[in-house]
Amino acid sequence: MVNRFTVKSFVIILSIGLFSALFGNAQSKKTNSKQPYSAYLFTYFTGDKAGEAIRFALSNDGYNFRALNHNKPVLSSANISATGGVRDPHILRGADGKTFYMVATDMNTDKFGWGPDSAMVLLKSTDLIHWQSHVVNVPQKFKEFAGVNRVWAPQTIYDPKVDKYMIYWSMRFGNDADKIYYSYANKDFTGLATAPKQLFYKPDGGACIDGDIIYKDGKYHLFFKTEGSGQGIKIAVSDKLTEGYVLIDKYVQQTKSPVEGAGVFKLNQGPDYILMYDRYTEGKYQFTRSSDLENFKTIDDAVTMDFHPRHGTVMPITAKEAAALTRQWANVGDVLRSASNNKIKKNNIVIDTVARKLQLMVGPGTDLKKFDPLFNIFAGVKIWPVNAQDFTKGTVKYTVTIGNKKPQVYEVAVIETHNPIGNGYYADPEVLYAEKDGKFYLYPTSDGFEGWSGTYFKVFSSPDLVNWKDEGKILDLQTDVTWTKKNAWAPCIIEKKINGSYKYFYYFAAGQKIGVATSDSPKGPFVDLGKPLIDSLPAGVKGGQQIDADVFNDPKTGKNYLYWGNGYMAGAELNDDMVSLKHNTTKILTPHKNYNEGTYVIYRKGIYYFMWSENDTRSPDYTVHYGTSDSPLGPIKVPQNNIVITKNPAAGIYGTGHNSVIQIPGKDEWYIVYHRFTYPKGITMGDAAGYNREVCIDRLTFNSDGSIHQVIPTHKGIDAVKVK
């Protein structure tokens, strides 16, 4: 993979004869600067089709970034590169404080795949808006490097000893391991003036890519990604820029997931640095913070972005520079989407740029009489009013002015909604009422990971099905499960009272197998059995996956059953230990030719209801259907009208499926818990909508004949429930 997160060098400038080291992004400024850095510019590319182009985003604090230019390229890859694509952009402020240098990999995977890649793009600007560019093909320019087939992730740093800009990058000959090389740029930054020399190689002979050099406390810290015998981010340190790097033999990433593209920048305020990197198999970024460049703490919960970056760079900038960027590429829609009040459901902001209307969904209990959206106002942007407003009487008019452009007036509505529950992407929800503490618990798939690649499970608690608290991770495949490390999907849970104590049995899909873990608390943590409970197809079934378990206690007999399957529905009785299946009880129950997955079983007034999802979770028509039976192991009768819940296009709701159901104890009161495409973006995301989902709850009712009344999915959701 190529995704490097570049970054920050140091910059040094002589000011009044003093040696002044600078901001992580290889930036420098004079110690008597009258324009201290007050914002941050993030330059990046995206991993989607035609995403290999340079994009910009801004932040006021280094934590909350907003894309410029509608997250579209600010430079044409076709105009600046040989392949028509660029990746891994690194941006640097020059030693003069006013010239900017950018380098990128000349690479177009959509057209040419993964190589060979032998060129880099050099760019230069004095205003961050207009750029001069040149392509440097290393093996063509330097004949001794004719065998090179990778020139990846270039970065630039100023070398004060020779008063030149050094470019360093990962390079590979044939099938040899990647090593990091360097060369000095010519005076005009249009090419390389010196032949490449080796800067660093991995001592054990493995590959190293994505180098990023940071100058701190008289030392150069080289961050790089290891490959081969080890995978992750390590650091090598030297007191000289071009030699003498000594490896610190430990990984500094704060995740077990594959990572690349390390990028470091110094915060404008205080001594701390941010290390960020790409968890490329998940389509996620992780941010960490450090004061010593040795110990890093994850700060993901504090970071927001309205885009999905791949390997890029963050550079501190001045208010004047930020204002110039907003004048050039910001728009009113971007400003309004930046509303940062933590009551706002950030994924569910709806803006109509034609009618000039903005709708903000907020969580339960929000005070709408005095509510401030807290728009993230960058330099060069003015917005009025600036204080909390009363939204109980309808919309409030906001005027937004960007630079010297004509002001625009938008009507802003703030609406309390209970769907989706909270913020974030989650799917395949399982709901439990715990007798132990009288609370409801929600156990979903952690979603938002490209290709359903999440590796951990979380739990949320609620007293009333409306107000939810994130209780954190309860099971992580990377650390808690030995038999697989991938695809943490679709859990289910049951509470059992054993010898006077409550015990919780948690069934989950991972690596297309079904495991089981146990705990003494509904909040976990859970301990895995150590092996999968189900790891092969049932007899007679020729295709499908072992996923989507559902556990059910039959109130008539007290027996427990497990259901599972994708493309087929299987069911079996559980032994009393709850972690094994009773021999010869497995049955194939597939109720309909359109059955796909997500079985869920309930019992009401003498009837066993079997629910399942049809169509693919990536389809807007992902829909829950049902059938009935006189037995927990079928046969299942499917009524003509068998839809439980389906899309509601009028409300912009699509992909409603994979449900669970909760009955309020002691009452004939039922609720369906399900996931849908994220609103409003999901329907525009193509297949990605299938792994950017959110959890909702609506009322489930029955007709007098026992049939299920079709549920209309809503944004409003349900009111808080009372158990007793």
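How many bridges join E33 to strand E34? Eight of them do, and the two strands run antiparallel, with E34 covering residues 501-510. Before going on, a word about what you're looking at: this is a predicted model, where local features need pLDDT of at least 70, side-chain atom pairs count only at pLDDT 80 or more, and totals for chains, interfaces and linings use all residues. Residues are numbered from 1 along each chain as its sequence is written, and side-chain values use heavy atoms, with hydrogens and water left out.

Back to those strands. Strands and helices here are DSSP runs numbered from the N terminus (at least two residues of type E for a strand, at least four of H or I for a helix). Two strands count as paired if DSSP finds at least two bridges between them. E33 and E34 belong to an open sheet of four strands, in the order E33-E34-E35-E36, with antiparallel pairing. At its edges sit strand E33 (489-498) and strand E36 (527-528), each pairing on one side only. If you want one spot to look at, find Ile498, which stands opposite Ser501 in E34. In general, strands of a sheet pair through backbone hydrogen bonds, either parallel or antiparallel.

Now for the charged side chains. A salt bridge here is a side-chain nitrogen of Lys or Arg within 4 Å of a carboxyl oxygen of Asp or Glu, and by that rule there are 24 salt bridges. Take Arg310 and Asp278, whose closest N and O atoms are 2.6 Å apart. This pair links distant parts of the chain: Arg310 is in strand E23 (residues 309-317), while Asp278 is in strand E19 (residues 273-279), 32 residues apart. Both Arg310 and Asp278 are buried. (Buried means under 20% relative accessible area, exposed means over 50%, and partly exposed is in between, using a 1.4 Å probe and protein chains only.)

Compare that with Asp668 and Arg604, which meet in a salt bridge of 2.8 Å, N to O. They also link distant parts of the chain, 64 residues apart: Asp668 is in the loop between strand E45 (657-663) and strand E46 (670-677), and Arg604 is in strand E41 (residues 595-604). Here Asp668 counts as partly exposed because its relative accessible area is 43%, whereas Arg604, at 9%, counts as buried. Salt bridges that share partners join Arg604, Lys605 and Asp668 into one network.

What about the cysteines? A disulfide would be a pair of cysteine sulfur atoms within 2.5 Å, and a search of the whole structure finds zero. Cys492 is buried at 0% relative accessibility, and Cys696 is buried at 0% too.

Most residues other than glycine have a negative phi, and most peptide bonds are trans. Still, a cis peptide bond joins Trp384 and Pro385, with omega about 5 degrees. Pro385 is in the loop between strand E26 (381-384) and strand E27 (396-402). Another cis peptide bond joins Gly634 and Pro635, with omega about 5 degrees.

As for phi, Leu128 has a positive value near 70 degrees. Leu128 lies in the loop between strand E8 (119-125) and strand E9 (132-137), and is buried at 1% relative accessibility. Asp428 has a positive phi as well, near 50 degrees, but its place is in strand E29 (residues 426-434).
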